[in-house]
Amino acid sequence: MEKNFFQEVYPFATENMNAYFERLELSDKSVLTVGSSCDQLFNAIAYGAKSVTVFDINPNVKKYYEWKKQLLFQCKRENFVKTVLEKIECSDISFTKDILDIGTIYRINYYLENDDVYKQLQQLLIQTPVNFVEGNLFAPNIKEQYDRIIFFNVLQYVGSFFPGNHLSSYQIIRDTFMIWKSLLNKEGILQFLYLYSFRTKDLHDCSHSIACYNIKPIYNLLKGHRLDMEWISGICQEPDAILTYTNSKK
């Protein structure tokens, strides 16, 4: 896998975190998540996470976090998104063009929901430990364990990291699941998949070009594990879905 595979940063998240972060019960929990837009980090802290570790292959994520955090302290909530989008044009960081409209960005991010939450986040950012680890999520160099792991739609890119057919992708998905599972504390929760525009009838369709959207073979591979599929309000008109695993006590 090429180290420079992902060098672009997302200015803002593209998943509806406001629809599922609360259900993960993040208060006073240690959280491992991806970097990307850093919205995962901001939302986790806004929901009361006691510590957050950001794991990402992109070396620009930490730099973007410091820059975006500085703007968060400087801007009023109603001006924050617009200011970020204006200023990235002059940044030396490379950004993806995959950007939602401003209204949707406010809708899907809890930390931007109202002034009280926004101000509370400013205070929490001062006192909440944040750690950055650069590396490959398919072979993470991490020894610690966490209460919550939030990896959004990383498995959507299995085919890009490991070119091959669906059969090889399913095996990689299973192997990756077992690695990520080992990083969970007891009763910990892993948000394993995020599926855009995913309907109940799609559960039985195994013809999707992206392997992780073919849920039936994934369930078969992970038999015996406590998996929960939940539908949430989507970015578009169709609902999105998340698949979580809970590391229950034996």
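User: Quick one to start: are Y47 and Y110 buried or exposed?

Analyst: Y47 is buried, and Y110 is buried too. Buried is under 20% relative accessible area, exposed is over 50%, and partly exposed is in between (1.4 Å probe, protein chains only). Bear in mind that this is a predicted model, where local features need pLDDT of at least 70, side-chain atom pairs count only at pLDDT 80 or more, and totals for chains, interfaces and linings use all residues. Residues are numbered from 1 along each chain as its sequence is written, and side-chain values use heavy atoms, with hydrogens and water left out.

User: How do I read an aromatic pair?

Analyst: You describe a pair of aromatic rings by the distance of the centres and the angle of the planes. Rings of Phe, Tyr and Trp (its six-membered ring) pair if their centres lie within 6.5 Å; planes under 30 degrees apart are stacked, over 60 edge-to-face, and the rest tilted. That rule gives 19 aromatic pairs here. Y47 and Y110 make a stacked one, at 4.0 Å centre to centre with 15° between the planes.

User: Why does the pair tie together parts that are 63 residues apart in sequence?

Analyst: Because Y47 sits in the loop between α1 (39–46) and β2 (51–56), while Y110 sits in the loop between α4 (102–108) and α5 (115–127). Helices (H or I, at least four residues) and strands (E, at least two) are DSSP runs, numbered from the N terminus.

User: Which residues form one aromatic cluster?

Analyst: F12, F42, Y65, F80, Y111, Y118 and F132.
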